[in-house]
Amino acid sequence: GAVVSQHPSWVICKSGTSVKIECRSLDFQATTMFWYRQFPKQSLMLMATSNEGSKATYEQGVEKDKFLINHASLTLSTLTVTSAHPEDSSFYICSASGQVLNTEAFFGQGTRLTVV
Amino acid sequence: GESVGLHLPTLSVQEGDNSIINCAYSNSASDYFIWYKQESGKGPQFIIDIRSNMDKRQGQRVTVLLNKTVKHLSLQIAATQPGDSAVYFCAENIRDNNNDMRFGAGTRLTVKP
């Protein structure tokens, strides 16, 4: 399958600071990227969907001003957690898909964010 | 909220036995389903998928069954091995959306040697 890379794989930041997570599709053009959040022992919850060159669509209850998503190219999307708080500590996972509907989206390895 | 859920949060089986993991979904518009395996600290790993025009699909040691009448999915793992121990999620894609997968609650499979 195609490769999606996330960076960093883990990060610790101080409360009040911002953290940027990158999601790259390494061998295909990702017209759409998805950002998920996963708390311990819970499922993946979709946060937002981003299409290259347009604004992200956020799921209900996800603050767009807190979780800034940029999808500036067909191979890169970024998620910035602004003014992070300890409750933002979670596992953030991206996935990417090409242009064909109803096909597999490829997942990154995830980023463990710890806010202290 | 999410429309996909699971009957059993945990499943423990003996090595060599077959495993069956179940999943219920509520959105009749969903027409594409994937089973994922997730190991601790890693992203989901694709196992097998099935489209709504099928009721069964087989892979290597895995079979997915889809019953659209009762909105039920199952994942069967044959001859379960210790390396199969992980959390398994079913996920659905809603028709006309853009490949955004909605995940169920997950089942932790533990394989005892």
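**Exercises on strands and surface residues**

Strand β3 (residues 19–25) and strand β8 (residues 76–81) of chain A run antiparallel and are joined by six bridges. Strands are DSSP runs (E, at least two residues), numbered from the N terminus. This is a predicted model, in which local features need pLDDT of at least 70 and side-chain atom pairs count only at pLDDT 80 or more, while totals for chains, interfaces and linings use all residues. Residues are numbered from 1 along each chain as its sequence is written, chains are lettered from A and ligands numbered from 1 in the order in which they are written, and side-chain values use heavy atoms, with hydrogens and water left out.

**Exercise 1.** Determine the strand order of the open sheet in chain A.

*Solution.* Two strands pair if DSSP finds at least two bridges between them. The four strands have the order β1-β3-β8-β7, with antiparallel pairing. Each of β1 (4–7) and β7 (67–73) has a single partner strand, so one side of each is left without a neighbour in the sheet. Within the pair β3 and β8, A:E22 stands opposite A:T78.

**Exercise 2.** Is A:I12 buried or exposed?

*Solution.* Buried means under 20% relative accessible area, exposed over 50%, and partly exposed in between (1.4 Å probe, protein chains only). A:I12 lies in strand β2 (residues 10–13) of chain A. Its relative accessibility is 53%, so A:I12 counts as exposed.
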